[in-house]
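Student: I would like to learn how to read the features of a protein model, one at a time. Could we go through them slowly together?

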Amino acid sequence: MKRTLALMLVVCSVLAMAGVVYAQAGAAPSVEEIVLDPPGPHEVQVRVEACGLCHTDVHVIETGGWGMAFPILLGHEGAGVVEEVGPEVTSVVPGDRVVVAWRAPCGKCRGCRRGDPRRCSSNLRAKPRAHRVADGELLSAVLRCGTLADRAVVHEACAVKVPRELPVEQAALLACGFSTGAGAALWSTPVHEGSTVAVIGCGGVGLAVVQGAKLAGAERIVAVDVAPEKLDSARALGATDVVDASAGDPVDQVRELTRGVDYAFSAIGASAGLDQAVRMCGYGGTATLVGVPSEGAALGVDLYRDVFGPKVGIAVTHGGDTIPQEDFPFLAQAALAGKLDLARFVSRTLPLEDVPDALGRLGHDGDIRAVAVL
Ligand SMILES: [Zn+2]
Ligand SMILES: [Zn+2]
């Protein structure tokens with residue numbers, strides 16, 4: 001009996017977990033067995049229950065690793081339950097439902113020291129703790145998360161407690177895509193009540209900008225895209241007007257509707273999006289770059305006519321510039337209160353084994369967000 005129990009414990013302690021691994025440049029990601037080292041000081045082990053598929057994971061693949069060492073463990077939009085905590089952890093206990101943030105203010109950099117943690121230039125991180133079973137090699141986790149896996153070890157500041165009432169596949173979206181879009185409108189360039197807003201690109205992040213602008217009390221929200229179904233989603237999520245960018249110059253169309261907006265957000269990677277955002281702004285407006293541009297992309301606006309004359313500011317957001325410990329619970333409560341419609345963003349759930357295929361088709365299968373449920 002005792003021996004059986006001991007054997008069971010051994011089996012449990014080496015129980016392999018699965019994770020989506022991008023093994024080398026040019027290889028397709030695949031589900032592999034992984035193991036984790038136990039959490040160290042200020043680190044927690046999270047049993048991942050859901051992880052959204054975000055374009056940044058595809059970006060890692062498309063750029064041959066995005067500068068990270070191979071092999072790479074994908075996933076950075078996860079939520080789950082705290083399973084084990086390392087020494088000196090005070091903010092969470094096993095059993096807490098958490099969203100895994102990919103950044104958390106460090107408290108020490110220049111931005112943090114001057115009281116502006118939204119501009120933290122450093123990120124708290126856990127030590128890499130995941131290994132592949134096949135050869136024991138240490139895995140680099142995308143954005144310090146690696147949450148397309150059964151479990152992840154993260155810094156305690158990145159394990160953000162949220163209410164259990166929020167379905168976990170919705171909670172996961174707070175980790176990246178939804179917070180990026182909503183945060184752009186709420187915190188990066190805070191939209192004021194009664195203002196006019198344009199949102200270029202109505203994928204998951206652009207639609208989250210629409211939701212953030214709505215929550216902030218914008219009077220008019222003009223959604224711009226070429227896909228009719230995305231414009232339908234934008235209307236359902238709070239856009240007051242929609243512009244079909246394939247039916248004529250979107251800048252002319254937005255200016256006709258609004259005579260120039262207070263805030264314009266480019267939620268697409270192409271640099272034309274920010275050009276258009278700048279030119280959609282009215283006097284003193286702000287154009288915010290939300291989508292990640294490719295290296296070498298340049299602005300194509302007339303500096304005098306489009307920027308200096310109309311006094312248009314240009315801003316950039318990284319992930320909505322959130323303070324996860326404050327903002328994720330705020331967004332979760334807003335969703336529970338019916339002020340945000342997170343449920344509509346989860347267009348599909350899928351098992352982990354289907355993730356490699358789904359990553360290959362991301363953005364081409366009509367999903368707002370596909371979420372892996374583990
Ligand atoms: Zn992301
Ligand atoms: Zn900092």
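Predicted model: local features only at pLDDT ≥ 70, side-chain atom pairs only at ≥ 80, totals over all residues.

Student: Which atoms coordinate the zinc ion (ligand 1)?

Tutor: To read a metal site, one looks for the N, O and S atoms that lie within 2.8 Å of the metal, and since water is not among the atoms, a site may look incomplete. Here the zinc ion (ligand 1) is coordinated by SG of Cys-54, NE2 of His-76 and SG of Cys-176, at 2.0 to 2.1 Å. Along the sequence these donor residues are spaced C-x21-H-x99-C. Cys-54 belongs to the loop between β3 (43–52) and α2 (55–62), while His-76 belongs to the loop between β4 (72–73) and β5 (78–85), so the pair ties together parts that are 22 residues apart in sequence.

Student: Are Cys-54 and His-76 buried or exposed?

Tutor: Both Cys-54 and His-76 are buried.

Student: What arrangement do the four donor atoms form around the zinc ion (ligand 2)?

Tutor: The general idea is to compare the angles at the metal with ideal ones, which are 109.5 degrees for four tetrahedral donors. In this structure, the donors from the protein are the SG atoms of Cys-106, Cys-109, Cys-112 and Cys-120, lying 2.3 to 2.4 Å from the zinc ion (ligand 2). The arrangement is tetrahedral because the four donor atoms subtend angles of 106 to 118°. Along the chain, the donors follow the spacing C-x2-C-x2-C-x7-C, and among them Cys-109 and Cys-112 are buried.

Student: Which residue has a positive phi of about 50° although it is not a glycine?

Tutor: That residue is Leu-143, whose phi is positive, at about 50°, although it is not a glycine. Leu-143 is placed in the loop between β8 (140–141) and β9 (151–155). The cut-off for buried is under 20% relative accessible area, and Leu-143 therefore counts as buried, at 15% relative accessibility.

Student: And does Arg-259 count as buried or exposed?

Tutor: Arg-259 also is not a glycine, yet has a positive phi, of about 60°, and is found in the loop between α8 (250–258) and β14 (261–266). A residue is called exposed over 50%, so Arg-259, at 75% relative accessibility, counts as exposed.

Definitions and conventions:
Residues numbered from 1 in each chain as written. Chains lettered and ligands numbered in written order. Heavy atoms only, no water. Donors = N, O, S within 2.8 Å, 3.2 Å for Na, K, Ca; no water. Helix = DSSP H or I, 4+ residues; strand = E, 2+ residues; numbered from the N terminus. Buried < 20%, exposed > 50% of the residue type's maximum accessible area, 1.4 Å probe, protein only. Tetrahedral: all angles 85-135°; square planar, octahedral: opposite > 155°, others 65-115°.
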